[in-house]
Amino acid sequence: LERNPNYWKEGKPYLDELIFNVIPDSASRAVAFEQGTVNVLRGGDIDNVDVKRLRSLPNVEYSTKGWEMFSPQAYLIMNQRKPPFDNVKVRQAVIAAMNRKLVVNNIFFGLGQVSTGPFVASEMFYDKNTPPIDFNMKKARELIKESGIKPGDYTIRHLSFPYGATWERLDEYTKQTLEQLGFKVNLEATDAGGWASRTGNWDFDLTTTYAYQYGDPALGVERFHITSNIVKGSPFANVQGYSNPELDKVWSEAASSTDPAKRQELYTKIQTQLVNDMSLGYLVDMEFPTLWRSNVKNLVKTAIGLNESFDDVYIEK
């Protein structure tokens, strides 16, 4: 991208150009930064395992700020249209069996915190007092018994999330967890296009993903839970098939209200119900790291981080 000499802010931008390097492999992106070929790594550019090493290099800056507007959350999608995930006790059992603290510390390498429900902690109208979701394998097995199903009768098609080593490890851990509950699990590899096509067409039993919550639940959370957003062909909607018509009305009322106190009351009700229904498998309130050379100035200043205009970013000579 070349500098626009007729930019509406006089004297800006400071940079003559921005160069985006297309490097398909995350390990190669890490090497490019280490060798000085590139000056900036955006969140998600490298696998979390490489972050600690790269941020310790001399003259490198690091921040997890600049994602507050997006507020990403990692979660499991369980296809609720058929057994076994049409059974709420099975969905509850899966999450009770997931050691989500281990996921944060050992798979995401500390970049995030355990989700307490469908709203990340930075989301507007987040309520920390939702029903607790504790790691408890004994409770998980009890829930399976209460569900009335026989796990050995099911082979779960777990569609892998094709976005790097972190997600590969998470998929492998999820497979191991379900196998401890007695399920048979097949991991099915795909590319990004295949993942979008299959999830959008509901051709899966279980998959992993993450999504942005965009600061207001009416923008970033509602879309995954209202019945009207069960739209075949769209991978970024209510693909799990969760439907609660009474809660749909609460979502609508909460989104249209102009009274913050009323909205909080309604969204608290929504969060409690979604946790009880285990509408999705809430895993991690994610943090995305940004790394850059220390001579790059004014890089992360707002809640949208590197999605800003870059008009006052400069390189110190």
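Select Gln 113 and then Asp 285 in β8, its bridge partner. Strand β8 covers residues 281–286, and three bridges join β4 to β8, the two running antiparallel. This is a predicted model, with residues numbered from 1 along each chain as its sequence is written. Local features need pLDDT of at least 70, side-chain atom pairs count only at pLDDT 80 or more, totals for chains, interfaces and linings use all residues, and side-chain values use heavy atoms, leaving out hydrogens and water. Strands (E, at least two residues) and helices (H or I, at least four) are DSSP runs, numbered from the N terminus; two strands pair if DSSP finds at least two bridges between them.

Next, show the open sheet: six strands in the order β4-β8-β3-β7-β5-β6, with mixed pairing. Which strands stand at the edges? They are β4 (112–114) and β6 (184–188), each with a single partner strand, so one side of each is left without a neighbour in the sheet.

Finally, select β9, residues 290–293. Thr 290 and Trp 292 on one side, and Leu 291 and Arg 293 on the other, are all buried (under 20% relative accessible area, 1.4 Å probe, protein chains only). Leu 291 is the bridge partner of Leu 41, while Arg 293 stands opposite Val 60.

Conventions. Buried means under 20% relative accessible area, exposed over 50%, partly exposed in between (1.4 Å probe, protein chains only).
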